[in-house]
Amino acid sequence: KKNKNKLKFMFEIQIPQNSIHHISNENQSLQSIKLNLQEVLEKASEEGILAEDQSNNLQQSEQKDKTKSEQCNSVQKSIHKQKNKRQAKAKKMPWTDEQDQKIIELVQEHGPQKWTYIAEHIPGRIGKQCRERWYNHLNPEINKFPWQKDEEWILFLCHRHFGNKWAYITRYLRGRTDNAIKNHWNSSMKKRIPEFMNRYKDLKEKNEKIQYSISEQFKQQEIKIMKFLENDKLLEQKDQQEKQEITVKKKISKKIYKSSKKNNHFITPKDNNNTLNENIDNS
């Protein structure tokens with residue numbers, strides 16, 4: 001008992017009061033840290049639950065969107081198939097006078113617009129077909145008279161500058177549709193390109209001996225297109241290449257003719273063309 005009392009006394013002497021307050025403060029701080037940790041863990045658990053809920057909602061929304069897109073695609077495919085069937089049927093059907101009259105009446109009411117609405121009033125027809133029928137056949141502004149020489153000359157100049165861009169050429173030939181211009185070029189104009197080329201060279205070189213007459217209606221258009229052609233450098237290069245090819249062909253044909261005379265061998269036109277092409281390739 002005496003020893004125990006001594007130890008208590010020594011312990012009370014060795015430990016000052018400040019250290020006791022320090023220990024009590026540390027205990028309080030540990031408790032506050034524990035409480036903060038518990039609060040943080042609770043918040044984290046709540047946030048985790050919310051995140052899981054959000055991920056689940058996102059997955060569900062994505063699945064819904066996929067199903068909707070699949071349904072829309074299926075509907076679009078069915079509509080596309082129906083349109084293709086209608087187009088195939090409509091292509092086979094010739095136009096009647098009643099259908100033409102209906103298009104004219106609807107265009108007078110609504111103008112050259114709303115072709116899908118117009119096609120709804122004409123069974124078996126599509127908006128595109130009604131539009132093409134109007135602009136290529138039924139429009140009163142279309143020029144259905146035979147082609148004039150001046151028109152053909154302007155067409156030649158435009159084709160030399162624009163190429164096969166028939167829609168651009170319609171700007172210089174009023175009343176002529178792009179389809180009519182294309183058909184006339186392919187049917188009759190291609191054969192007469194050399195005639196127009198001679199006239200073009202005479203105008204380019206300003207040959208005063210030969211004079212060509214043209215109406216005032218197309219004179220300004222001719223001047224415009226000739227300016228475009230004079231400033232076009234690619235055309236000059238093409239012309240030079242064509243001239244070189246023609247000169248080479250003439251020289252080779254002369255050589256072949258002389259050699260055939262010496263050997264007394266008759267050359268047919270086919271053989272002559274074949275030999276010309278071979279010699280040009282070799283040169």
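Me: How are helices and strands defined here, and what pattern do they follow along the protein chain?

Reply: Helices (H or I, at least four residues) and strands (E, at least two) are DSSP runs, numbered from the N terminus. Read along the sequence, the protein chain here goes α-α-α-α-α-α-α-α-α-α-α-α, with 12 helices and zero strands. Please keep in mind that this is a predicted model, in which local features need pLDDT of at least 70 and side-chain atom pairs count only at pLDDT 80 or more, while totals for chains, interfaces and linings use all residues. Residues are numbered from 1 along each chain as its sequence is written, and side-chain values use heavy atoms, with hydrogens and water left out.

Me: How do I read burial, and what share of the protein chain counts as buried?

Reply: Buried means under 20% relative accessible area, exposed over 50%, and partly exposed in between (1.4 Å probe, protein chains only). Of the 283 residues of the protein chain, 22% count as buried.

Me: What is a nonpolar core, and how many residues has the largest one?

Reply: A nonpolar core is a set of buried Ala, Val, Leu, Ile, Met, Phe, Trp, Tyr and Cys residues joined through side-chain atoms within 4.5 Å. The largest has 22 residues, and those with the most contacts inside it are Trp-153, Ile-154, Phe-156, Leu-157 and Leu-173. Two or more residues each come from helices H6 (149-162), H7 (166-169), H8 (178-189), H9 (193-205) and H10 (216-231). H6 gives the most to this core, with six residues. Apart from this core lies another, of 10 residues, among them Ile-103 and Val-107.

Me: Which residues does Trp-153 touch, not counting those up to four places away in sequence?

Reply: Trp-153 touches Phe-196, Arg-199, Tyr-200, Leu-203, Ile-214 and Glu-222, with residues up to four places away in sequence not counted.

Technical notes:
Contact = heavy atoms within 4.5 Å.
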